[in-house]
Each structure stands twice: as C-alpha cells, then as structure tokens.
Amino acid sequence: MIEAPGLRWKANGQAALSGPLLALAHRLDDRFVALAAGWQAEDHRFPTFLAASVLEQNDWFRSFPQHATFPACLDPAEANLATFTDGQPVDGSGQVHPSALAPIRDVLTPAACYHLYDHHQGLAFDRPRYFTTSNTCFRREERYVPLERQWSFTMREIVCMGTAEEAGAFLADATAEVDRLTTAIDLPLSWALASDPFFRPSKNPQYLMQQIDPTKYELMFEDRLAIASTNLHHDHFGRAFSIQRDGEPVRTACIAFGIERWLAAFIHRYGPTGPFPQL
Amino acid sequence: MTPPEVRDALRSWIRAHNPEVPEDEPADDTPIIDRRYLTSLQVADLLLFVEELRQAPLDPSGLRPGTFRTIDAIHDAFFPS
C-alpha cells in the first residue's frame, strides 16, 4: 500500500491530499490544462451531481450499474424526519439507518465529460469545438487501493466535438502530446487497447462493438495501472444528446487523465518524497 | 453462396437497416463502422445474419478488431473459400 507525506487514506476508499502531494496534483492538472490550451479548449466547471436522466440518455446505468453512486436524502416530511432522529441515525459500525428516502434523481459524476454533452445538448456546430473540464468522479468498486482505485477521484478531460476526421486527428495529436510529456518525465508507460468494464459484457451490444471496433486505449504504468485513456465515441453522444455538426450527429472523442493515478505512478517511480521531475 | 452473393447479401442487410445509406453505398471496401452504417445496436443482429448466411454459429468471444470494418473484411473473416 502506498504511503507518502501528504496522503491520508480513508477507510471508505477515498484519499485526503495535502502538502507536496497536493502540490504535485495541482501541477499535473495545470500541465493537462496547458495541453488543452493547444486546442484553445474552453474550460468548464460543473457540479458534482449529474441528473440521472442525463446518464439514462446514453444507457449508462445498464452498462455500468456496478459503479453508480447516488446522493440520497431523507423524505422531508416531519414525521419521517422524526422517525429518523428518534431511532439510531448511525450505528456503532458506521452504518446509517435512514427512514424513508426522498426520490433519487441524481447521480454522482462517474466521468467528467458527461456534463459537456449535456451542456451542449441540442446545439449545432459549424467548426470543431474543444472543451476541457475536471470533476471529482465516483465509481463504486469491490475494493479500493490508495491513489490507484478509489471510490472518488479527480478526472481531467479534454473533449473534441467535430467531424469524424477532426475527432480522429484530435486523438492522434493528443496521444502524441502525451507521449512527449511522458518521455520527458521518464515514466515507464505504454498505450494498450482496452475496453470499458461493462456489466454482463456478453449481453451488452456496446461491449460487442468495442471488440470489433476498438475505440479505447489506456496509458498503462508498468503494464498494470491505467493513468489516462483515449476514447473515440463515434456519433454515440452526438445522437444521444442531439448535438450536430454540419447537419450530422457530431463525432466526439476525449482524453481523460486520472490525477490520483498519476500521483501513484510518480510515487512508484520516484519515491514518496521525490524529487519529482518538472512538468 | 458465391463470394459476390455473400457480399450482396451483406450489402442488402446494411441498406435495409439504414435507410439513409446513399444509393451506391456501401461498396465492398467502405468503412461501414466509421460511416455509422453499422452501430452498436445493430452488431448483434448482423452477427445473427452472418450465422444464417454461413449456416454455422459464430463464437462472439472470438471476435477480433477489424473483422466488421468493411464488407470485404466480414467476407474474409467468416466465409473462407
């Protein structure tokens, strides 16, 4: 298990960062924002909650139900709140005993870029558009590892919305730019073909499609830890969110960086206190 | 079926499932996934159609990248001469 100054691991699969490790996280994000500036990507900041209906629009819940985390609230009726307070709100093991819950309509962001498709829903573009956004993302897992597999983590994404050629060129350029960066900082990394962790993959047409048309590549640290990924979505989000380019569903592609996993790679490569290379 | 008949059957299936495909498309070497003539929602149905054409089952776990890129690629992968 990784231990480093500035890392405090929480039993619920989340990490608190401070000091030199937090400073490195900021420098990494700044470097990715600088990368995004190469496309004049427009920066966006979105909330942590995402309307569940947005993910339903692209069938996310049927593909990745195992990862979903929902914000839940008590039904606000006074009698229901009294039932909650009169009981034992939280027991000795830390388990909450809620009374009736209010309807759940939101989900905690599972990937930063979903907000961008929702944000541009119904729009029509006449030129390629580039965006960047960062969010705290949540993925429920069976087990957690500090900085490597967390319930909540930080994801920075750069997204292209354009024609098929523009989306393809973006991924080629982004891959080349990241290769330049990783060569300069001397990390043992390589790109590998990947597929998303679909629930019941053999029954999921999107999984089948990924087998015959690879659209996801992961940047692997020591062949075991994906610290970034490139993803070609074809017109999946263009159709789902009615975003058009020259009268056709827009093609989209993204590159995503998992900040905590970059920290893990740096610690494994340079030790818990560094010195870490310039970015 | 002869190779041209297989290719024409595949072409007809794609056209039948995509009314927006232009008159002279897809050619044998048209990238049908890149052009979105074949989407994820249609892949499973096309697999079943290929099984019908070749009169033999396919193993989905044996699918490889590129085998559905063009009509030629489908033919070469699943209809060995």
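Start in chain B of this predicted model and select helices H1(B) and H2(B): H1(B) passes H2(B) in a right-handed crossing. In residue numbers, that is 3–17 for H1 and 40–54 for H2. Look at the pair from the side, and you'll find their axes coming within 11 Å and crossing at roughly 150°. Angles over 145 degrees count as roughly antiparallel, so H1(B) is roughly antiparallel to H2(B).

Now show side chains where the two helices meet. From H1(B), pick Val6(B), Ala9(B), Trp13(B) and His17(B); from H2(B), pick Gln42(B), Leu46(B), Phe49(B) and Leu53(B). Color them by class and you get six nonpolar residues, two polar ones and no charged ones.

Next, hop over to chain A for the largest nonpolar core, which has 58 residues. Which of its residues touch the most other members? Select Cys113(A), Val159(A), Trp262(A) and Leu263(A). Then highlight helix H9 of chain A, residues 259–270: H9 gives the most to this core, with seven residues.

Zoom in on Val159(A). Leaving aside residues up to four places away in sequence, Val159(A) touches Cys113(A), Leu116(A), Tyr130(A), Phe131(A), Thr252(A) and Cys254(A).

There's also a second, separate core, this one of 15 residues. To find it, select Leu10(B), Ile33(B), Phe68(B) and Ile71(B), which are among its members.

Last stop: the place where the chains meet. Chain B puts 12 residues into the contact, and chain A puts in 12 residues too. Color the chain B side by class, and the part touching chain A shows eight nonpolar, two polar and two charged residues.

Definitions and conventions. Residues are numbered from 1 along each chain as its sequence is written. Chains are lettered from A and ligands numbered from 1 in the order in which they are written. This is a predicted model: local features need pLDDT of at least 70, side-chain atom pairs count only at pLDDT 80 or more; totals for chains, interfaces and linings use all residues. Axes are lines fitted to C-alpha atoms, for helices over the stretch in contact, and angles run from 0 to 180 degrees between N-to-C directions. Helices (H or I, at least four residues) and strands (E, at least two) are DSSP runs, numbered from the N terminus. Angles under 35 degrees count as roughly parallel, over 145 as roughly antiparallel, 65 to 115 as roughly perpendicular and the rest as oblique. A crossing is left-handed if the near helix is turned anticlockwise from the far one by less than a right angle, and right-handed if clockwise. Two residues are in contact if their C-beta atoms, placed from the backbone, lie within 7 Å. Ala, Val, Leu, Ile, Met, Phe, Trp, Tyr, Cys and Pro count as nonpolar, Asp, Glu, Lys and Arg as charged, and the others, Gly among them, as polar. A nonpolar core is a set of buried Ala, Val, Leu, Ile, Met, Phe, Trp, Tyr and Cys residues joined through C-beta atoms within 7 Å. A residue is buried if 20 or more other C-beta atoms lie within 10 Å of its own, exposed if 12 or fewer, and partly exposed in between; C-beta atoms are placed from the backbone.
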